[in-house]
Amino acid sequence: MLTCKDINEMAGDYLSGDLTVMKRISFKLHLMVCKHCNRYVSQLKIALASLKRMSGHSDSGELCSEEEVNKTLQFIRDNREK
Ligand SMILES: [Zn+2]
């Protein structure tokens, strides 16, 4: 079973689809039992989506406010320090 630290380190790869199938399964299993990591990964997912929108890679044309992005980035930094 993965630890919360593993999840923190793997979250970026998981969201960009760089994990092997076995790793993805272990990752998802941890998210199912750990509320903290579950929240962390969904926040990270939102942050990455916002950043993509900011850099114009989305065709939705919907821009996210800078404040919202900064808040999310701060959240990620806070989580990483723990
Ligand atoms: Zn965890």
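Reader: What is the geometry of the site of the zinc ion?
Author: The site is tetrahedral, with angles of 101 to 114 degrees among its 4 donor atoms. Four donors count as tetrahedral if all angles lie between 85 and 135 degrees. Please note that this is a predicted model, where local features need pLDDT of at least 70, side-chain atom pairs count only at pLDDT 80 or more, and totals for chains, interfaces and linings use all residues. Residues are numbered from 1 along each chain as its sequence is written, and side-chain values use heavy atoms, leaving out hydrogens and water.
Reader: Which residues coordinate the zinc ion?
Author: Cys 4 (SG), His 30 (NE2), Cys 34 (SG) and Cys 37 (SG) do, at 2.0 to 2.3 Å. Donors are N, O and S atoms within 2.8 Å of the metal (3.2 Å for Na, K and Ca); water is not among the atoms, so sites may look incomplete.
Reader: And how are the donor residues spaced in sequence?
Author: The spacing is C-x25-H-x3-C-x2-C. Cys 4 in helix H1 and Cys 37 in helix H3 link distant parts of the chain. These two are 33 residues apart in sequence and 6.6 Å apart in space, C-alpha to C-alpha. Helices (H or I, at least four residues) are DSSP runs, numbered from the N terminus.
Reader: Is Cys 37 buried or exposed?
Author: Cys 37 is buried, at 0% relative accessibility, whereas Cys 4 is partly exposed at 34%. Buried means under 20% relative accessible area, exposed over 50%, and partly exposed in between (1.4 Å probe, protein chains only).
Reader: Turning to H2, which of its residues are buried?
Author: Phe 27, His 30 and Leu 31 are the buried residues of H2. They cover an arc of only 100 degrees around the axis, so they lie on the same side of H2; the arc is that of the directions from the helix axis to the C-beta atoms.
Reader: What do the buried residues of H2 pack against?
Author: They pack against helix H1 (4-15) and helix H3 (35-54). The face turned away from the buried side carries the exposed residues Val 21, Met 22, Met 32 and Val 33.
Reader: Which residues touch the most other members of the largest nonpolar core?
Author: Of its 15 residues, those are Ile 7, Ala 11, Phe 27, Leu 31, Tyr 40 and Val 41. The largest share of this core, 5 residues, comes from H3. A nonpolar core is a set of buried Ala, Val, Leu, Ile, Met, Phe, Trp, Tyr and Cys residues joined through side-chain atoms within 4.5 Å.

Terms used: Helix = DSSP H or I, 4+ residues; strand = E, 2+ residues; numbered from the N terminus. Contact = heavy atoms within 4.5 Å. Tetrahedral: all angles 85-135°; square planar, octahedral: opposite > 155°, others 65-115°.
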